[in-house]
Amino acid sequence: MSVIAVTGSASGIGAAVCEFLANQGHTIIGIDRQTDEKFTQVSADLSSPQGRVAAIEHVKALAKGQLSGLVCCAGVGVTAPDAALITSVNFFGVTELVEGLKSDLYQNDNPAVVVIGSVAATAQLAGPHAMVDTMLGGDETQTRQLAQSANAPQISYAASKYAVTCWARQQAAAEGNKGLRINVVAPGAVETPLHQASKEDPRFGEAVKKFVAPVGRAGQPAEIAATVGFLISEQASFVTGSVLFVDGGMDAMVRAKYF
Ligand code: NAD
């Protein structure tokens, strides 16, 4: 069994991923800005470059050359205190961590990364926004300025998830011949504190509550964790660059002709 680092380990989907992987016998290094006694060993703020560097150094020290998996779950939603923070955590908090830990991942057999995206990445407002280009260009300062001037958290969120999904697919294509697999899980509505906060938000709550998946319910964090567990495992050895919707049919309902 292997050592797997998981961001967002203190809550929701990240905590469920830690539980699932630990039950399979893996050693977990949890990373979060919140503390919890179960899985979070690395206390770090992934919204800042310094926080990411500290997280990378701490994970390297704990993994002692044994890291073979990384699952990026940490994220903030539309109720985040400002629209720029969404892009810093959801995009740069993923890409810089993957880049910083890649050399460690390559030291082990069958390394794999799973990024938690979102069904929101396919929203029409995501793709064309200039923020997507600045994120993919690696320019956090410019991205934050664009996010602040747009001041629309739903656009920052969709754009950050679209950009991180594109980035993961580009990485899968670039790194595939060296053996690193990178996949994206795109959840629909999942019962977590993030989703609860969205439902209670006066700006977005009604729309969030009305957007119900064909299966007629929101998902549970454990249902996302099981998919992550498959993608990180060797059973998924030929799967890379994929975006797997785990959304109760939401994406099929909205975009049946696009896949
Ligand atoms: P959550 O709020 O329960 O968990 C998110 C975790 O990320 C928290 O433990 C939080 O402390 C951590 N985090 C946030 N900002 C951080 C930072 N700056 N540094 C370090 N850690 C930080 O939310 P969740 O629903 O479990 O979300 C997990 C992921 O799933 C997110 O990327 C989210 O965008 C995505 N997602 C969630 C849903 C949903 O409906 N819940 C749907 C689609 C995608």
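Which helix gives the most to the shell around the ligand? Helix α7 does, with three residues. The model is predicted: local features need pLDDT of at least 70 and side-chain atom pairs pLDDT 80 or more, while totals for chains, interfaces and linings use all residues. Residues are numbered from 1 along each chain as its sequence is written, and side-chain values use heavy atoms, without hydrogens and water.

**View 1. The shell around the ligand.** Of 30 residues around the ligand (a heavy atom within 4 Å), Ser-11, Ile-13, Asp-32, Tyr-157 and Thr-192 come nearest. By class, 15 are nonpolar, 11 polar and four charged; Tyr and Cys count as nonpolar, and Gly as polar. Helices α1 (12–23), α6 (153–175) and α7 (193–200) each supply at least two residues. Helices (H or I, at least four residues) and strands (E, at least two) are DSSP runs, numbered from the N terminus.

View 2. Ligand oxygen atoms lie 2.6 Å from a side-chain N or O atom of Ser-11 and 2.7 Å from one of Tyr-157. A ligand nitrogen atom is 2.8 Å from a polar backbone atom of Leu-46. The protein buries 96% of the 820 Å² that the ligand exposes alone (Shrake-Rupley method, 1.4 Å probe).

**View 3. The open sheet.** Seven strands pair in parallel in the order β3-β2-β1-β4-β5-β6-β7; a pair needs at least two DSSP bridges. The edge strands are β3 (40–43) and β7 (243–246). Five bridges join β5 (112–116) to β6 (181–187), and Ala-112 stands opposite Arg-181.

Methods. A polar contact is a pair of N or O atoms within 3.5 Å; within protein, one must be able to donate a hydrogen and the other to accept it, and residues adjacent in sequence count only if both atoms are side-chain atoms.
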